[in-house]
Amino acid sequence: MEQMSLFDAMPGSGNMTVPLASRLRPQKFEDFIGQEHLLGPGKMLRHLIEKDQISSMIFWGPPGVGKTTLAGIIAERTKADFINFSAVTSGIREIKDVMNQAEAGRKMGKRTVLFVDEIHRFNKAQQDAFLPYVEKGSILLIGATTENPSFEVNAALLSRCRVFVLKALKEAELLRLLQNALLNPAGFAGQRIEISGEQLRAIAIFADGDARMALNTLEMVVLNGEITTDGCIRIADEGLAQCLDKKSLLYDKAGEEHYNLISALHKSMRNSDPDAAIYWMCRMLEGGENPLYIARRLIRFASEDIGIADSNALTVAVAAYQACHFLGMPECDVHLTHAVTYLAMAPKSNAMYRACENCKEDIRNRTAEPVPLILRNAPTKLMEDLHYGKGYRYAHDTEEKLTDMECMPDSMRGVRYYYPTEQGDEAEVGKKLQEILIWKQTHRKFED
C-alpha cells in the first residue's frame, strides 16, 4: 500500500508528488523573477525574444537561476518545438536522432529550440555534432552551463552562439519567490501556514541566490511543520534550523569557481587584508576543498609575495602544511587561519618572483652559455690540464669573505635578477647587497 504524504491529504494542494520548484516553474515573462539585466524593459535579450529574432545562445550562470525556465519561455514565445536534452544522459546517437527530427521539422516550416542542459559535459565530438545543424538553422541551440563557456564549449560552437550571463538571485528576489509560493494555487495557497518574515528571510539567505534551493527548502520546512488542532501548519524556529543545518556551497573543485576562490584568497593576502583572506579560505574549506591544497598555495605565496621581506613566512606556511597533514579537517582549519593571517600581515615583496621569472626568460631566449672554467671542479688530471678551476678563489680565505671573481658567463657580465625592496627585513638585505656590489666593482677596477 502506498503511504500518503502530508500534502496528499491537503485539499487544493494539487499534485504534490511533483516538487514545488517544478509546480511553480514560470510559463511567461511576467512570472519570471530575476535577471533584470537581461529581461528588464528595453534590455537586449527581452527585445530579441519579443521581436522573435533570437539566435543560438549559451546561458551561463550558477544553479537555480532560471536557465531551463527561460529556455522554455523562449520556445513558447517563438512558437517553436521545444526539445529538452540532457548532456548527462545523451550521446552521439541521441544527438543525431534529435537533429534528424529537427531537420524534418525545418523542411515542414517548423522551428525547433533545442535546450541542452549542462552542455559543458559534452565532449568535443558531441559538441561538433551540433555545428552543421546550427549553421543550417535546423535548430536554435540554447545551451546551459554552470562552467565558463570560454573553457568548456568548443570555440567553433561558441562563435556561433551569443553568451548571456545569468546571475544569482538577490535576497529580495528570493523573498518574492517564497511569498509567491505561499499564495500561488500551485503552491500552498490552499493551506494555512504560519511562517514569519524573518523565517522566510532565513530561507532566502540559506538559498544563496538559488531559486530551486529556496523552494525546495520551503517545501521541506512546511512538510516538517507542526500541525495544530485547527489544521494550521506552524513553522517553529527549531524545525527551521534543522532544515537549514548544512549549506551546500557552490564549489566545483575542478571548475572555475575553484580558481576564482583561490585567486581571491591569494589577492586578499597580497593586499594585506586578513579578514577577506580568512573569508575566502573558509569558503574553500566549507565547499570541501582539501586543506593540503590551500596549504601548498600558502607555501607558494610565502616566497612569491613575501620572500626575504620576512623569511619566517615560509616557515609558518610549511608548518601549517605539516599541521594539516597531521590533523586533517576540521581541526586544521585554525592552523590555516593562523598562516593566512600571518601571511596577510607580513611585509610584502615580489623580488623573489621577479628574479625567478626574469632569469627563466633569459634562459629561454639566450644561448645556453657553458659554465666558466673558473667555476668548474677538477677531480682528474685531464681536467686540470684543461684549466678546470684555474683562478678560482675561495671566499672563506679572505677577511671580507668575498672575492671579485666573476661567476656569470662572459656574455652575461653585469646582468642582475634580484632587486631587493625596502620592505621588512629585505631593506637590510638590500643595503648589504649594495655594499657587496660596490666592493666588487671597486676591487675589479683596482685590479684592472
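A cavity here is a set of points, on a 1 Å grid over the protein atoms alone, where a 1.4 Å probe fits but cannot get out. A pocket is an open set with protein on both sides within 12 Å along at least five of seven lines, and lining residues have an atom within 4 Å of a point. By this rule there is 1 cavity of 30 Å³ or more. This is a predicted model: local features need pLDDT of at least 70, side-chain atom pairs count only at pLDDT 80 or more, and totals for chains, interfaces and linings use all residues. Residues are numbered from 1 along each chain as its sequence is written, and side-chain values use heavy atoms, with hydrogens and water left out.

**Largest cavity**
- The largest cavity holds about 30 Å³ of space; a volume is the space filled by probe spheres set on the points, which are joined across faces, edges and corners.
- Ile 262, Leu 265, His 266, Met 269, Arg 297, Leu 298 and Phe 301 line the largest cavity.
- Helix H14 (256–270) and helix H16 (291–306) each give two or more residues to this lining.
- H14 gives the most, with 4 residues.
- Helices are DSSP runs (H or I, at least four residues), numbered from the N terminus.
- By class, the cavity lining has 5 nonpolar, 1 polar and 1 charged residues.
- Ala, Val, Leu, Ile, Met, Phe, Trp, Tyr, Cys and Pro count as nonpolar, Asp, Glu, Lys and Arg as charged, and the others, Gly among them, as polar.

**Second largest pocket**
- The second largest pocket has a volume of about 520 Å³.
- It is lined by 17 residues, and the closest to its centre are Gly 414, Val 415, Arg 416, Leu 437 and Arg 444.
- Its lining divides into 9 nonpolar, 3 polar and 5 charged residues.

**Packing of H15 and H18**
- Helix H15 (residues 274–286) packs against helix H18 (residues 333–345) at an angle of about 145°, with the axes 9 Å apart.
- Axes are lines fitted to C-alpha atoms over the stretch in contact, and angles run from 0 to 180 degrees between N-to-C directions.
- Residues in contact (heavy atoms within 4.5 Å) include Met 281 of H15 and Val 340 of H18.
- The contact of H15 with H18 has 9 nonpolar, 2 polar and 1 charged residues.

**Glu 103**
- Glu 103 lies in helix H5 (residues 92–107).
- Glu 103 is buried, with a relative accessible area of 11%; buried means under 20%, exposed over 50%, and partly exposed in between (1.4 Å probe, protein chains only).
- Leaving out residues up to four places away in sequence, Glu 103 touches Lys 136 and Ser 138.
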